Amino acid sequence: MNFTLRQLGIFLAVARHENVSRAAQDLNLSQSAASAALQTLEQNYGMSLFERHGNKLSLNAVGRSLRKEAETLYAHCQQFDQILKQHGDLGHLKVGASFTIGNYLVVRYLAEYLAHYPKADVDLTTANTPEIVNKVLNYEVDIGMIEREVHHRDLELIPWMEDELIVFCSPEHPFASKGTLGNRDIRSARWILREANSGARHTFDHAMADLLPEIDIYREFQHNEAIKSAVETGLGIGCLSRLVLQSDFRSGNLVPLKLSRRDMTRRFYFALPRKRHNKAALDYWLQVCRAPNKANT
């Protein structure tokens, strides 16, 4: 196309006012900008659209024949613009979250978010941290919520909230009455852990770095519930986020264990592409997630 929507609007404004100065004022443009845009439109198609009589411009036969089509097209473009704006105002959002965050935290924020955006479609994708980061970088999700720090030049990380991993066993396990595990216990145990690329495993490996070659990693699972079930049946001991285990500790299905001088704390992060469009829905999602009453629930 050899015309722009701006040129189309100027053509219609001049046709309506029969004066470039008044048309420019109506469109909040300078007279020179409006005049240049109209001249470019005519030059692009090698035709004149107006009869010029001093400061007054009236449509010629060609201009009159095109005016109705131009008005219809311009109205459709304005309508489409409003549809796009309304679509953004609906609050549609694509959230990518690591398994622990997606299964145990995101549901806490949905009610408040949907109260603000009742027509929003919140699409939640859960995967391990590296997969979520890839989805953020490929613009497959609007925001990632991940369990560890990841460095990439096209990624912006925003620190979010603290979490803690807890070692646990079944009530029938010999360690259940022990309370605190020493290095000998850590070496002798059969461990049921998350897969190597997960945020939880990254924290575990870092905390156990000096003993890692001697640790018996008996089974690895991608999902938290599989680990809890394996530990509950006595296959070994596990290590997961406190978020995942709270209800099991209250019910007595699983027993928390302490580690001597091992730091199992970690931080969750929001992951965003550095190059992104401003989005009110995304800002509100961040606001809801950061609310202290939600984070500490």
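How much of the chain's accessible surface belongs to carbon and sulfur atoms? The share is 48%, out of about 16200 Å². Keep in mind that this is a predicted model.

Let's start with the whole chain. It has 297 residues, and 44% of them are buried. Now the overall dimensions. Along the principal axes, the C-alpha atoms fill a box of roughly 100 × 35 × 25 Å. The radius of gyration is 31 Å. A compact globule with 297 residues would come out near 19 Å. So keep both values in mind as you turn the model, because the 19 Å comes from a rule based on the number of residues.

Next, the parts list. There are 13 helices and twelve strands. What about contacts along the chain?

Now find strand E12, residues 265-273. Is E12 mostly covered or mostly open? Mostly covered: seven of its nine residues are buried. E12 pairs with strand E5, residues 143-146. That pairing is antiparallel and has three bridges. For one of the partners, look at Gly144, which bridges to Ala271 in E12. E12 also meets strand E6, residues 155-169. Those two run antiparallel as well, joined by eight bridges. Leu155 has its bridge partner in E12 too, and that partner is Pro273.

On to helix H6, residues 106-116. Ala115 sits in this helix. Why does Ala115 count as exposed? Its relative accessibility is 63%, and exposed means over 50%. Now move along the chain from Ala115 to Ala127, twelve residues on. How far apart are their C-alpha atoms? The separation is 27 Å.

Last stop: the surface. Which residues form a nonpolar patch there? They are Met1, Tyr45, Met47, Val62 and Leu66. Together they have about 510 Å² of accessible area. Pick out Met47. This residue is in a loop, with helix H3 (31-45) on one side and strand E1 (50-53) on the other.

To recap, then. E12 has antiparallel pairings with E5 and with E6. Ala115 is exposed.

Note on methods. Residues numbered from 1 in each chain as written. Predicted model: local features only at pLDDT ≥ 70, side-chain atom pairs only at ≥ 80, totals over all residues. Heavy atoms only, no water. Patch = residues over 30% accessible without salt bridge, like charges linked within 9 Å, V, L, I, M, F, W, Y side chains within 5 Å. Areas by Shrake-Rupley, 256 points an atom, 1.4 Å probe, with all protein chains shown as cover. Salt bridge = Lys/Arg side-chain N within 4 Å of Asp/Glu carboxyl O. Helix = DSSP H or I, 4+ residues; strand = E, 2+ residues; numbered from the N terminus. Buried < 20%, exposed > 50% of the residue type's maximum accessible area, 1.4 Å probe, protein only. Pairing = 2+ DSSP bridges. Rg over C-alpha atoms; globule rule 2.2 N^0.38 Å.
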